[in-house]
Amino acid sequence: MLDFRLLKDVRCGIGESPVWDDRRKVLFFIDIKAPAIHAIRLDGTEHRTWAMPKVVGSIGLGASGRLVVALERAIAVFDPEAESLDIIAEVPGEPSWHRLNDGKVGPDGAFWVGSMDDRPQKEPHGSLYRVDGRGHVTRVLEHVCLVSNGLAWSADGRTMFHSDSRGPWIDRYDFDVTSGRLANRVRFATLDEARGRPDGGACDAEGFYWSSGVSAGRLNRFSPAGEIVESHPVPVPAPTMPCFCGDDLKTLVITSLKPDDPDVLAAAPQSGSLFIASSPVAGARIERWADT
């Protein structure tokens, strides 16, 4: 079993979207509704925070060193050094009760990001978008899920995973690295509360998919056939996304959220914090957004 320990007691409302920056040697992550972007070293030092003007759903690293940011229903670029934030595109056609959620840079150099119904009474109208380095937004999938989540690509870039946290299911697509075209959608796995509704995901170098079981306090590792082959307990009840970090990509960091239930929170007061463990397998390398 993975031995997770506390990396930083940040207690985010909804900690999400951890991204390892191999140049700066820091981990970026977000608190969705604070809203804020954070950065920290893997030894827990040099923790920095930048407040955002709107709900932030996810982030990705750019080739320029800037971050691409999903802000409510817009795409922005954030420069951590200059502390500047510029809106580069509005996402068309999303109703006011929707917001952007999970996003990640794909092997095609584009930022992929999904939307979700942010109301308690969710409806399955979430879409998936592709944002190229010029900020051009293309809707790739429409009305496919309640809560778009779990984006990750296999190490060879030829397979994309996408989940619906409320489905709760994980789908797999064939992915064209050159064009970003999706094909051959397959229902990879169907989950439940006990095994863990699928939140954020990541792929490893051996072709396995890791999914945060947000309802079960577990990190699940799926075989290429869609079977859970490992299920690792996490110190808090609601882990949200794993990220492979470090020079060898064999350090796992996982974000989490604070449950609404006061009794659950009292039993796990460090909910919303970051946790870290050594991994026996390296992660798949995450690409950078092809910004200009």
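Modeller: Start with contact, which means heavy atoms within 4.5 Å. By that rule Leu27 touches Pro18, Val19, Trp20, His38, Ala39, Ile40, Leu42, Cys243, Cys245, Val253 and Leu274, leaving out residues up to four places away in sequence. This is a predicted model, where local features need pLDDT of at least 70, side-chain atom pairs count only at pLDDT 80 or more, and totals for chains, interfaces and linings use all residues. Residues are numbered from 1 along each chain as its sequence is written, and side-chain values use heavy atoms, with hydrogens and water left out.

Biologist: What makes a set of residues a nonpolar core?

Modeller: The members must be buried Ala, Val, Leu, Ile, Met, Phe, Trp, Tyr or Cys residues joined through side-chain atoms within 4.5 Å. The largest such core has 27 residues, and Phe4, Leu27, Leu219, Val253 and Leu274 touch the most other members. Two or more residues come from each of strands E3 (26-31), E22 (239-245), E23 (251-256) and E24 (274-278); strands (E, at least two residues) are DSSP runs numbered from the N terminus. E24 gives the largest share, four residues. A second, separate core of 18 residues includes Phe28, Ile32, Val55 and Phe78.

Biologist: Why is Cys245 called buried?

Modeller: Buried means under 20% relative accessible area, exposed over 50%, and partly exposed in between (1.4 Å probe, protein chains only). Cys245 has 0% relative accessibility, so Cys245 counts as buried. Cys145, at 1%, is buried too.

Biologist: How do you know how many disulfides there are?

Modeller: A disulfide is a pair of cysteine sulfur atoms within 2.5 Å. A search of the whole structure finds zero. For Cys145, the closest cysteine sulfur is in Cys203, 18 Å away, so the distance is too far for a bond. Cys245 is also in no disulfide, with the nearest cysteine sulfur, that of Cys243, 3.7 Å away.

Biologist: What makes a set of grid points a pocket?

Modeller: On a 1 Å grid over the protein atoms alone, a pocket is an open set with protein on both sides within 12 Å along at least five of seven lines, for a 1.4 Å probe; lining residues have an atom within 4 Å of a point. The largest pocket holds about 660 Å³ of space. Its lining has 26 residues, with Ile14, Arg166, Arg197, Val214 and Leu257 closest to the centre. The second largest pocket holds about 440 Å³. Among its 29 lining residues, Trp20, Leu249, Ala284, Arg285 and Ile286 lie nearest the centre.

How values were computed
Points joined across faces, edges and corners; volume = space filled by probe spheres on them.
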